[in-house]
Amino acid sequence: MASSTSIPSGWIDGEPHHATGADHIVVNPATDEPVATVKLAGRADVDAAVAGARAAQLAWGRATPAERASALLALARAMAAESETLISEEVAHTGKAVRLATEFDVPGSIDNVEFFAGVARNLEGKATAEYSADHTSSIRREPVGVVGTITPWNYPLQMAVWKVIPALAAGCAVVLKPAEITPLTTLTLARLASEAGLPDGVLNIVVGTGPEAGAHLAGHPGVDMVTFTGSSAVGRQVMSQAATTGARIQLELGGKAPFVVFDDADLDAAIHGAVAGSLINGGQDCTAATRAIVAPALYDDFVTGVAELMSKVVIGDPTDPATDLGSLISHAHRDKVAGMVDRARASGARIVTGGTIPDGPGAFYPPTLVADVAEDSEIYRDEVFGPVLTVSRFTDDDDAIRRANDTPYGLAASAWTRDVYRAQRASREIHAGCVWINDHIPIISEMPHGGFKASGFGKDMSTYSLEEYLLIKHVMSDLHGVVEKEWHRTVFGLGSDQG
């Protein structure tokens, strides 16, 4: 995509939308070269998108599950047909390795669309029953209405799909604000949805900044539900903005995933899992392994093995299939990651490998292993969001569980052991939305994803995600057609001889 390419500011009512705001240049962070220019959407553009969604939602919500499923399956087919476009766009505006986009981001997104197409046809209420002598009750499940969603820059396509598709399957209309630095695949998703037959106004996109477009969307009176994926700090702002209208909220926020290696673990498997789990997407993943907490008997060998394997990771041109690790999202973000590593070094932690910004263009940062970190250190407690893994020792199993939970976050964790009882204890006592046993990072459409504590609440993916976008309505019907009910007399004395 040439630097002179001008792209739409969004997608509203089934058409590309061009705002009149300031120019924003989308940059390839691996080359520092401009990719496209977009005029940023503002409050008026958000208003137009919400109005379009409100106008479309009632008919979409009343479409049959089969009709909604058909539209989603058509979208999945359209995405598969243009998968190469989606891959190249995802690499261009994120700098991530093409192999990740090819094997994970795009096929995973298509699979998620296909999954919810099936789930859309399985919306069940509760069978009719008589819980009162004179009435019968039933439960309806109805779409929330208009959903405003804000997605991050680390997985632009996947995060859009995780938020948008279950909402569409439930019968909601959506206004989505992607990160303005990574809008390409989101705009392509909207175009493909329109071409696949999704009714106009059901999916709307606005490309704007968080403080302007995002804040207005989160607090918009025409929005019935707000969903957000991003940092815990911004998530709290979004929750506060949504509270002004009483909108329903779903948040997937930051993480600081523990990677607990017990003394009976398969060491080689744990080493490979630690490298893959910490370097996924350049570590720019809320579920990435960030804190290796290792038994003393394995500590030295674990550190040596991880450092050796990290040294073999291929860093470079994201478009080269041989590349393992592309660039980070920006120079500013790389400076933030490097600053945390530098402060850890200054505080006495041991930088075993990495930890130095390479020469040349792009926002590259090497795989970095930081050993002997203190529990109260910044790099141990705060989210780095880069290719950095810290390592510390635990004393016994109780200490390992305590350390795993000693964080405000609770999105994901893993435990490495061959002992079934240790595995069961870890899965029970580690307080996180997902606990992997002898693995770290695999995610599938059928299983829920979401956190505890400062990592947010609610679920993405799986049938549990669909529940987020449905209202439960109780319908109670009179069985006998009697004008004067017994409870009328009980409460008001109606029909009695008194008065």
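**Reading sheets, cores and one buried threonine**

Q: How many bridges join strand β12 (residues 248–252) to β22, and in which sense do the two run?

A: Two strands count as paired if at least two bridges are found between them. In this predicted model, β12 and β22 are joined by two bridges and run antiparallel.

Q: Which order do the strands of the open sheet of eight follow?

A: The order is read across the sheet, and here it is β3-β2-β10-β9-β8-β11-β12-β22, with mixed pairing. At the edges stand β3 (15–17) and β22 (456–457), each of which pairs on one side only. Helix α7, residues 210–218, packs on this sheet and touches β8 (146–150), β9 (173–177) and β11 (225–229), while its direction makes about 160° with that of β9.

Q: What order does the open sheet of three strands have?

A: Reading across in the same way, one finds β1-β5-β4, again with mixed pairing. The edge strands, β1 (6–7) and β4 (23–28), each pair on one side only. Between β1 and β5, the latter spanning residues 33–39, the pairing is parallel and extends over two bridges, and S6 stands opposite T37 in β5.

Q: How many residues has the largest nonpolar core, and which have the most contacts inside it?

A: A nonpolar core is traced by joining buried residues of the nonpolar kinds through side-chain atoms within 4.5 Å. The largest one here holds 58 residues, and M79, I165 and L168 have the most contacts inside it. Apart from that core lies another, of 29 residues, which includes V260, V388, A400 and I430. Returning to M79, and leaving aside residues up to four places away in sequence, its contacts are L86, S109, I110, V113, L157, V161, L189 and L192.

Q: Is T368 buried or exposed?

A: A residue is called buried when its relative accessible area is under 20%. T368 has a value of 0%, and is therefore buried. This threonine lies in strand β16, residues 368–371.

Q: Which residues does T368 touch, not counting residues up to four places away in sequence?

A: With that exclusion, T368 touches M310, V341, I351, T353, G354, G355, P387, V388 and L389. One of these, V388, is also among the residues of the 29-residue core.

Definitions and conventions:
Residues are numbered from 1 along each chain as its sequence is written. This is a predicted model: local features need pLDDT of at least 70, side-chain atom pairs count only at pLDDT 80 or more; totals for chains, interfaces and linings use all residues. Side-chain values use heavy atoms; hydrogens and water are left out. Helices (H or I, at least four residues) and strands (E, at least two) are DSSP runs, numbered from the N terminus. Buried means under 20% relative accessible area, exposed over 50%, partly exposed in between (1.4 Å probe, protein chains only). Contact means heavy atoms within 4.5 Å. Axes are lines fitted to C-alpha atoms, for helices over the stretch in contact, and angles run from 0 to 180 degrees between N-to-C directions.
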